[in-house]
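Subject: Structure handover

Hello,

Here is the structure I promised to pass on. Please open it alongside this note.

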Amino acid sequence: MASLGARAVTAVSGAARSLGKALDSMGASMEVAKYTEQLVPSTRIVAVDGVAPTISETAAFIAPSANVVGNVTLGPNSSVWYGATLRGDVNSITVGTNSSIGDRAIVHVAKIQGDHPTAIGDNVTVGPGATVHAATIQDGVRIGPMAQIMDGATVGPNSIISPGAVITPGTSIPSGELWSGNPAKSVRKLTPEEIAEITDEAISLAGLATLHADENAKDYKQLAKDEDDYEDKMQRDPDYWQKDTPDEEDVLGQGAPGRIFNTPLTNPEEGLKVKAAKKKPAEE
(Lines give C-alpha, C1' and ligand atoms only; values in the text may rest on other atoms or scores of the structure.)
Protein backbone atom coordinates (compact mmCIF):
# COMPACT_ATOMS: atom_id res chain seq x y z
CA MET A 1 0.00 0.00 0.00
CA ALA A 2 1.39 3.42 -1.02
CA SER A 3 2.52 5.74 1.77
CA LEU A 4 0.75 8.96 2.53
CA GLY A 5 3.65 10.98 1.07
CA ALA A 6 3.59 9.03 -2.22
CA ARG A 7 -0.14 9.54 -2.59
CA ALA A 8 0.27 13.27 -1.92
CA VAL A 9 2.96 13.58 -4.59
CA THR A 10 0.78 11.73 -7.11
CA ALA A 11 -2.17 14.00 -6.39
CA VAL A 12 -0.08 17.18 -6.67
CA SER A 13 1.50 15.96 -9.94
CA GLY A 14 -1.91 15.34 -11.47
CA ALA A 15 -3.12 18.76 -10.39
CA ALA A 16 -0.01 20.43 -11.84
CA ARG A 17 -0.50 18.72 -15.21
CA SER A 18 -4.14 19.78 -15.32
CA LEU A 19 -3.19 23.37 -14.46
CA GLY A 20 -0.53 23.40 -17.15
CA LYS A 21 -2.97 22.21 -19.80
CA ALA A 22 -5.49 24.83 -18.75
CA LEU A 23 -2.89 27.63 -18.93
CA ASP A 24 -1.70 26.43 -22.37
CA SER A 25 -5.26 26.34 -23.67
CA MET A 26 -5.99 29.81 -22.28
CA GLY A 27 -2.78 31.22 -23.83
CA ALA A 28 -3.60 29.72 -27.22
CA SER A 29 -7.06 31.30 -27.17
CA MET A 30 -5.52 34.74 -26.45
CA GLU A 31 -3.00 34.60 -29.35
CA VAL A 32 -3.51 37.16 -32.09
CA ALA A 33 -1.18 35.39 -34.55
CA LYS A 34 -1.35 31.63 -34.22
CA TYR A 35 1.99 29.91 -33.62
CA THR A 36 2.78 26.38 -34.72
CA GLU A 37 5.83 24.59 -33.35
CA GLN A 38 8.03 23.05 -36.03
CA LEU A 39 11.03 20.75 -36.08
CA VAL A 40 14.38 22.44 -36.66
CA PRO A 41 15.32 21.85 -40.33
CA SER A 42 18.70 20.50 -41.36
CA THR A 43 21.17 23.33 -41.99
CA ARG A 44 23.79 22.67 -44.66
CA ILE A 45 25.66 25.98 -44.69
CA VAL A 46 26.55 27.65 -41.38
CA ALA A 47 28.53 30.82 -40.58
CA VAL A 48 31.02 30.99 -37.69
CA ASP A 49 31.99 34.34 -36.12
CA GLY A 50 30.39 36.12 -39.05
CA VAL A 51 32.34 34.14 -41.67
CA ALA A 52 30.09 32.17 -44.02
CA PRO A 53 31.17 29.52 -46.55
CA THR A 54 31.84 30.65 -50.11
CA ILE A 55 30.10 28.28 -52.51
CA SER A 56 30.72 28.53 -56.24
CA GLU A 57 27.56 29.19 -58.25
CA THR A 58 28.52 26.20 -60.38
CA ALA A 59 29.23 23.82 -57.49
CA ALA A 60 27.77 20.46 -58.46
CA PHE A 61 26.03 19.33 -55.26
CA ILE A 62 25.82 19.73 -51.49
CA ALA A 63 23.75 16.94 -49.94
CA PRO A 64 20.87 17.84 -47.58
CA SER A 65 22.57 15.98 -44.73
CA ALA A 66 26.03 17.50 -45.33
CA ASN A 67 27.45 20.37 -43.26
CA VAL A 68 29.66 23.16 -44.60
CA VAL A 69 30.67 25.36 -41.68
CA GLY A 70 32.66 28.58 -41.41
CA ASN A 71 35.60 29.64 -43.57
CA VAL A 72 35.12 27.13 -46.39
CA THR A 73 35.52 27.76 -50.13
CA LEU A 74 33.97 25.21 -52.51
CA GLY A 75 35.01 25.42 -56.16
CA PRO A 76 33.15 24.81 -59.44
CA ASN A 77 31.79 21.32 -60.17
CA SER A 78 32.77 20.14 -56.68
CA SER A 79 30.45 18.21 -54.39
CA VAL A 80 29.88 17.39 -50.73
CA TRP A 81 28.05 14.10 -50.27
CA TYR A 82 25.62 12.73 -47.69
CA GLY A 83 26.70 13.08 -44.07
CA ALA A 84 30.02 14.74 -44.91
CA THR A 85 31.30 17.68 -42.84
CA LEU A 86 33.65 20.51 -43.78
CA ARG A 87 34.31 22.55 -40.63
CA GLY A 88 36.42 25.68 -41.08
CA ASP A 89 35.87 27.17 -37.64
CA VAL A 90 39.44 27.94 -36.49
CA ASN A 91 41.12 28.06 -39.90
CA SER A 92 40.28 27.92 -43.61
CA ILE A 93 39.32 25.08 -45.95
CA THR A 94 39.57 25.38 -49.72
CA VAL A 95 38.30 22.80 -52.20
CA GLY A 96 39.24 23.25 -55.85
CA THR A 97 37.46 22.40 -59.08
CA ASN A 98 35.88 19.05 -59.87
CA SER A 99 36.62 17.56 -56.43
CA SER A 100 34.28 15.51 -54.24
CA ILE A 101 34.04 14.94 -50.49
CA GLY A 102 32.49 11.50 -50.04
CA ASP A 103 29.74 10.26 -47.74
CA ARG A 104 30.48 10.80 -44.01
CA ALA A 105 33.95 12.17 -44.77
CA ILE A 106 35.38 14.78 -42.37
CA VAL A 107 37.50 17.76 -43.39
CA HIS A 108 38.79 19.90 -40.50
CA VAL A 109 41.59 22.36 -39.68
CA ALA A 110 44.01 23.10 -36.81
CA LYS A 111 44.94 26.23 -34.88
CA ILE A 112 46.01 25.28 -31.34
CA GLN A 113 48.51 22.53 -32.21
CA GLY A 114 50.06 24.26 -35.21
CA ASP A 115 48.50 26.72 -37.61
CA HIS A 116 47.33 24.43 -40.41
CA PRO A 117 44.54 25.21 -42.86
CA THR A 118 43.27 22.51 -45.21
CA ALA A 119 43.74 22.85 -48.97
CA ILE A 120 42.24 20.35 -51.42
CA GLY A 121 43.13 20.81 -55.07
CA ASP A 122 41.41 20.03 -58.37
CA ASN A 123 40.16 16.59 -59.42
CA VAL A 124 40.48 15.18 -55.90
CA THR A 125 38.26 12.34 -54.68
CA VAL A 126 37.93 11.97 -50.90
CA GLY A 127 36.37 8.57 -50.26
CA PRO A 128 33.51 7.74 -47.87
CA GLY A 129 34.42 8.01 -44.20
CA ALA A 130 37.86 9.46 -44.88
CA THR A 131 39.39 12.20 -42.72
CA VAL A 132 41.47 15.12 -43.97
CA HIS A 133 42.68 17.08 -40.93
CA ALA A 134 44.72 20.26 -41.44
CA ALA A 135 46.51 18.85 -44.49
CA THR A 136 47.30 19.77 -48.09
CA ILE A 137 45.99 17.60 -50.93
CA GLN A 138 47.33 18.60 -54.32
CA ASP A 139 45.67 18.07 -57.73
CA GLY A 140 44.64 14.68 -59.02
CA VAL A 141 44.59 12.65 -55.78
CA ARG A 142 42.36 9.75 -54.78
CA ILE A 143 41.92 9.21 -51.04
CA GLY A 144 40.43 5.81 -50.29
CA PRO A 145 37.51 5.14 -47.93
CA MET A 146 38.32 5.48 -44.20
CA ALA A 147 41.83 6.79 -44.89
CA GLN A 148 43.24 9.52 -42.61
CA ILE A 149 45.46 12.42 -43.66
CA MET A 150 46.69 14.09 -40.49
CA ASP A 151 47.99 17.53 -39.47
CA GLY A 152 50.63 19.16 -41.65
CA ALA A 153 50.79 16.29 -44.15
CA THR A 154 51.12 17.01 -47.88
CA VAL A 155 49.95 14.63 -50.58
CA GLY A 156 51.61 15.32 -53.93
CA PRO A 157 49.74 15.39 -57.24
CA ASN A 158 48.65 12.26 -59.12
CA SER A 159 48.76 10.07 -56.03
CA ILE A 160 46.56 7.39 -54.46
CA ILE A 161 46.06 6.78 -50.75
CA SER A 162 44.74 3.27 -50.13
CA PRO A 163 41.55 2.62 -48.12
CA GLY A 164 42.22 2.73 -44.36
CA ALA A 165 45.72 4.15 -44.73
CA VAL A 166 46.94 6.61 -42.10
CA ILE A 167 49.21 9.42 -43.25
CA THR A 168 50.94 10.58 -40.09
CA PRO A 169 51.42 14.28 -39.19
CA GLY A 170 53.98 16.16 -41.24
CA THR A 171 54.41 13.43 -43.87
CA SER A 172 55.20 14.62 -47.40
CA ILE A 173 54.14 12.27 -50.21
CA PRO A 174 55.88 12.70 -53.59
CA SER A 175 53.98 12.91 -56.86
CA GLY A 176 52.70 9.79 -58.59
CA GLU A 177 52.91 7.25 -55.75
CA LEU A 178 50.62 4.70 -54.06
CA TRP A 179 50.71 4.79 -50.26
CA SER A 180 49.17 2.21 -47.94
CA GLY A 181 49.24 0.92 -44.36
CA ASN A 182 49.20 2.29 -40.80
CA PRO A 183 51.40 4.23 -40.64
CA ALA A 184 51.32 4.55 -44.40
CA LYS A 185 54.39 3.84 -46.50
CA SER A 186 55.15 4.14 -50.19
CA VAL A 187 54.22 0.97 -52.07
CA ARG A 188 55.14 1.78 -55.67
CA LYS A 189 54.92 4.29 -58.49
CA LEU A 190 51.60 4.65 -60.28
CA THR A 191 51.23 3.72 -63.92
CA PRO A 192 50.09 6.33 -66.48
CA GLU A 193 46.79 4.44 -66.77
CA GLU A 194 46.19 4.65 -63.01
CA ILE A 195 46.94 8.37 -63.01
CA ALA A 196 44.48 8.92 -65.87
CA GLU A 197 41.82 6.98 -63.95
CA ILE A 198 42.03 9.46 -61.05
CA THR A 199 40.86 12.33 -63.26
CA ASP A 200 38.27 10.13 -65.00
CA GLU A 201 36.77 9.19 -61.64
CA ALA A 202 36.62 12.84 -60.56
CA ILE A 203 34.79 13.80 -63.77
CA SER A 204 32.39 10.87 -63.41
CA LEU A 205 31.55 11.84 -59.82
CA ALA A 206 30.91 15.44 -60.89
CA GLY A 207 28.33 14.18 -63.39
CA LEU A 208 26.72 11.92 -60.80
CA ALA A 209 26.61 14.82 -58.35
CA THR A 210 24.62 16.88 -60.87
CA LEU A 211 22.07 14.07 -61.08
CA HIS A 212 21.72 13.97 -57.28
CA ALA A 213 21.37 17.77 -57.19
CA ASP A 214 18.50 17.63 -59.67
CA GLU A 215 16.71 14.89 -57.71
CA ASN A 216 17.13 16.67 -54.37
CA ALA A 217 15.76 19.91 -55.86
CA LYS A 218 12.37 18.31 -56.64
CA ASP A 219 9.34 19.12 -54.51
CA TYR A 220 6.82 16.55 -53.33
CA LYS A 221 4.56 17.16 -56.34
CA GLN A 222 7.34 16.31 -58.79
CA LEU A 223 8.29 13.24 -56.75
CA ALA A 224 4.67 12.04 -56.83
CA LYS A 225 4.54 12.58 -60.60
CA ASP A 226 7.80 10.67 -61.08
CA GLU A 227 6.38 7.77 -59.06
CA ASP A 228 3.17 7.74 -61.12
CA ASP A 229 5.14 7.86 -64.38
CA TYR A 230 7.33 4.96 -63.23
CA GLU A 231 4.33 2.79 -62.29
CA ASP A 232 2.67 3.64 -65.60
CA LYS A 233 5.80 2.66 -67.52
CA MET A 234 6.08 -0.66 -65.67
CA GLN A 235 2.44 -1.59 -66.25
CA ARG A 236 1.81 -0.26 -69.77
CA ASP A 237 2.29 -2.80 -72.55
CA PRO A 238 4.93 -1.60 -75.04
CA ASP A 239 2.54 -2.37 -77.92
CA TYR A 240 -0.14 -0.16 -76.39
CA TRP A 241 -0.35 3.58 -77.01
CA GLN A 242 2.43 5.28 -75.06
CA LYS A 243 1.52 8.25 -72.89
CA ASP A 244 4.38 10.43 -74.10
CA THR A 245 3.70 9.83 -77.81
CA PRO A 246 2.98 13.20 -79.47
CA ASP A 247 -0.34 13.58 -81.30
CA GLU A 248 0.14 15.42 -84.59
CA GLU A 249 -3.52 16.55 -84.56
CA ASP A 250 -3.43 17.87 -81.00
CA VAL A 251 -4.41 21.51 -80.47
CA LEU A 252 -3.14 23.35 -77.37
CA GLY A 253 -2.84 20.12 -75.41
CA GLN A 254 -6.59 19.49 -75.57
CA GLY A 255 -6.54 16.64 -78.07
CA ALA A 256 -7.66 16.44 -81.72
CA PRO A 257 -10.79 18.53 -82.36
CA GLY A 258 -13.87 16.43 -83.10
CA ARG A 259 -12.14 13.06 -82.75
CA ILE A 260 -14.19 11.92 -79.78
CA PHE A 261 -17.42 12.89 -81.54
CA ASN A 262 -16.68 11.16 -84.85
CA THR A 263 -16.84 7.55 -83.63
CA PRO A 264 -19.58 4.94 -84.01
CA LEU A 265 -20.07 4.92 -80.23
CA THR A 266 -21.00 8.59 -79.89
CA ASN A 267 -22.27 9.11 -83.44
CA PRO A 268 -24.06 6.03 -84.90
CA GLU A 269 -24.39 7.75 -88.28
CA GLU A 270 -20.63 7.52 -88.65
CA GLY A 271 -20.88 3.76 -88.19
CA LEU A 272 -23.51 3.48 -90.90
CA LYS A 273 -21.32 5.45 -93.28
CA VAL A 274 -18.40 3.11 -92.63
CA LYS A 275 -20.57 0.03 -93.31
CA ALA A 276 -21.94 1.56 -96.49
CA ALA A 277 -18.43 2.34 -97.72
CA LYS A 278 -17.40 -1.29 -97.15
CA LYS A 279 -20.43 -2.73 -98.99
CA LYS A 280 -20.08 -0.47 -102.02
CA PRO A 281 -16.88 -2.05 -103.44
CA ALA A 282 -18.35 -5.54 -102.93
CA GLU A 283 -21.50 -4.69 -104.90
CA GLU A 284 -19.47 -3.23 -107.72
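Below is what turned up, from the whole chain down to a single residue.

Overall
This is a predicted model. The chain has 284 residues, and 28% of them are buried. Its secondary structure amounts to four helices and 20 strands. Take the contacts with a separation of 6 or more: 21% of them join residues 24 or more positions apart.

The sheet
Eight strands form an open sheet with mixed pairing. Their order is S3-S5-S7-S10-S13-S16-S19-S20. The edges are S3 and S20 (184-189), each with a single partner strand, so one side of each lacks a neighbour in the sheet. Further in, S5 pairs with S7 (residues 100-101) in the parallel sense, over two bridges. Valine 80 has isoleucine 101 in S7 as its bridge partner.

Helix H2
H2 covers residues 192-216. Ile198, Ala202, Ala206 and Ala209 of H2 are buried. An α-helix has 3.6 residues a turn, so residues three or four places apart point the same way. The cover over the buried residues of H2 includes S3 (61-62), S5 (79-80), S10, S13 and S16.

The largest pocket
Its volume is about 170 Å³. Lining it are 18 residues, and the closest to the centre are Thr125, Val126, Gly127, Pro128 and Leu205. Which elements each supply at least two residues of the lining? They are S10 (125-126), S13 (141-143), S16 (159-161) and H2. H2 gives the largest share, three residues. By class, the lining holds ten nonpolar, five polar and three charged residues.

Serine 78
One last residue to look at. Serine 78 sits in the loop between S4 (67-74) and S5. Is serine 78 buried or exposed? Its relative accessibility is 0%, so serine 78 counts as buried. What does serine 78 touch, leaving aside residues up to four places away in sequence? The list is Ala59, Ala60, Phe61, Val95, Gly96, Thr97, Asn98 and Ser99.

Over to you.

Best wishes

Technical notes. Residues are numbered from 1 along each chain as its sequence is written. This is a predicted model: local features need pLDDT of at least 70, side-chain atom pairs count only at pLDDT 80 or more; totals for chains, interfaces and linings use all residues. Side-chain values use heavy atoms; hydrogens and water are left out. On a 1 Å grid over the protein atoms alone, a cavity is a set of points where a 1.4 Å probe fits but cannot get out, and a pocket is an open set with protein on both sides within 12 Å along at least five of seven lines; lining residues have an atom within 4 Å of a point. Grid points are joined across faces, edges and corners, and a volume is the space filled by probe spheres set on the points. Ala, Val, Leu, Ile, Met, Phe, Trp, Tyr, Cys and Pro count as nonpolar, Asp, Glu, Lys and Arg as charged, and the others, Gly among them, as polar. Buried means under 20% relative accessible area, exposed over 50%, partly exposed in between (1.4 Å probe, protein chains only). Contact means heavy atoms within 4.5 Å. Two strands pair if DSSP finds at least two bridges between them.
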